[in-house]
Amino acid sequence: LSIGVTGGVVEIGVHHGKSFVALALLNEDGGAQHTAVAVDVFDDQLLNSDGSGEGDLGIFRASVQDWCGQACLDPERVAVLSQDSKTLDPAQVLTASNGLRP
């Protein structure tokens, strides 16, 4: 599907990655590949101040592989930032997305 929209995507709070997989798959516009960036505290639940979920990096990676394939685990296609989103800096997102603005 090509609709002429380019750039990457970012999801903050990916939990186990099911909605992230959809974003990663939609992130391919006419065959062009852009980096999808996932941000979550994952196993560091002390940083999950509102208790909104219990993300797990292993389950996240398994979900991505199961639903998107091994190619989505390629660092050029998917970047994972294991950190508190309250400390996230826009420059980190740009770096994770290979300098392309999501």
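**View 1. The whole chain, from end to end.** Starting at the N terminus, the protein chain goes β-α-β-α-β-α. That comes to 3 helices and 3 strands, where helices (H or I, at least four residues) and strands (E, at least two) are DSSP runs numbered from the N terminus. You're looking at a predicted model, so local features need pLDDT of at least 70 and side-chain atom pairs count only at pLDDT 80 or more, while totals for chains, interfaces and linings use all residues. Residues are numbered from 1 along each chain as its sequence is written, and side-chain values use heavy atoms, with hydrogens and water left out. Of the 102 residues in the protein chain, 37% are buried; buried means under 20% relative accessible area, exposed means over 50%, and partly exposed is in between (1.4 Å probe, protein chains only). The accessible surface of the protein chain is about 6,000 Å², and carbon and sulfur atoms hold 55% of that (Shrake-Rupley method with a 1.4 Å probe; for residues, only the protein chains shown count as cover). Take the contacts (heavy atoms within 4.5 Å) between residues at least 6 apart in sequence: 67% of them join residues at least 24 apart.

**View 2. The sheet, strand by strand.** Here are 3 strands in an open sheet, in the order β1-β2-β3 and with parallel pairing; two strands pair if DSSP finds at least two bridges between them. β1 (9–12) and β3 (78–82) sit at the edges with a single partner strand each, so one side of each has no neighbour in the sheet. On average, neighbouring strands of this sheet are turned by 15° against each other, direction ignored (the axes are lines fitted to C-alpha atoms, for helices over the stretch in contact, and angles run from 0 to 180 degrees between N-to-C directions). β1 and β2 pair over 4 bridges, and β2 and β3 over 5 bridges. For a couple of landmarks, valine 10 has valine 37 in β2 as its bridge partner, and valine 39 has leucine 81 in β3. Glutamate 11 stands opposite alanine 38 in β2.

**View 3. β2, covered on both faces.** How many of the residues of β2 are buried? The count is 5 of its 5. In a regular strand, side chains alternate between the two faces of the sheet. On one side of β2 you'll find Ala36, Ala38 and Asp40, and on the other Val37 and Val39, all of them buried.

**View 4. The largest nonpolar core.** A nonpolar core is a set of buried Ala, Val, Leu, Ile, Met, Phe, Trp, Tyr and Cys residues joined through side-chain atoms within 4.5 Å. The largest one has 13 residues, and Val14, Phe20, Phe60, Val64 and Cys68 touch the most other members. α1 (18–26), β2 (36–40) and α2 (57–68) are the elements that give two or more residues to this core. Apart from it there's another core of 7 residues, among them Val37, Val39, Leu88 and Val93.

**View 5. Three phenylalanines in a cluster.** Phe20, Phe42 and Phe60 form one aromatic cluster. Rings of Phe, Tyr and Trp (its six-membered ring) pair if their centres lie within 6.5 Å; planes under 30 degrees apart count as stacked, over 60 as edge-to-face and the rest as tilted. That rule gives 2 aromatic pairs. The ring centres of phenylalanine 20 and phenylalanine 60 are 5.4 Å apart with their planes at 55°, so this pair is tilted. Phenylalanine 20 is in helix α1 and phenylalanine 60 in helix α2, so the pair ties together parts 40 residues apart in sequence. Phenylalanine 42 and phenylalanine 60 make a tilted pair too, at 5.5 Å centre to centre and 55° between the planes. Phenylalanine 42 comes from the loop between β2 and α2, 18 residues from phenylalanine 60. Both phenylalanine 20 and phenylalanine 60 are buried, and phenylalanine 42 is buried as well, at 2% relative accessible area.

**View 6. Around phenylalanine 60.** This residue has a relative accessibility of 1%. Leaving out residues up to four places away in sequence, phenylalanine 60 touches Val14, His15, His16, Gly17, Phe20, Ala38, Phe42 and Val80.

**View 7. Glycine 13 in its loop.** Glycine 13 lies in the loop between β1 and α1. Is it buried or partly exposed? Glycine 13 is partly exposed, with a relative accessible area of 41%. Not counting residues up to four places away in sequence, glycine 13 touches Val39 and Asp40. From C-alpha to C-alpha, glycine 13 and phenylalanine 42 are 8.6 Å apart in space, and 29 residues apart in sequence.
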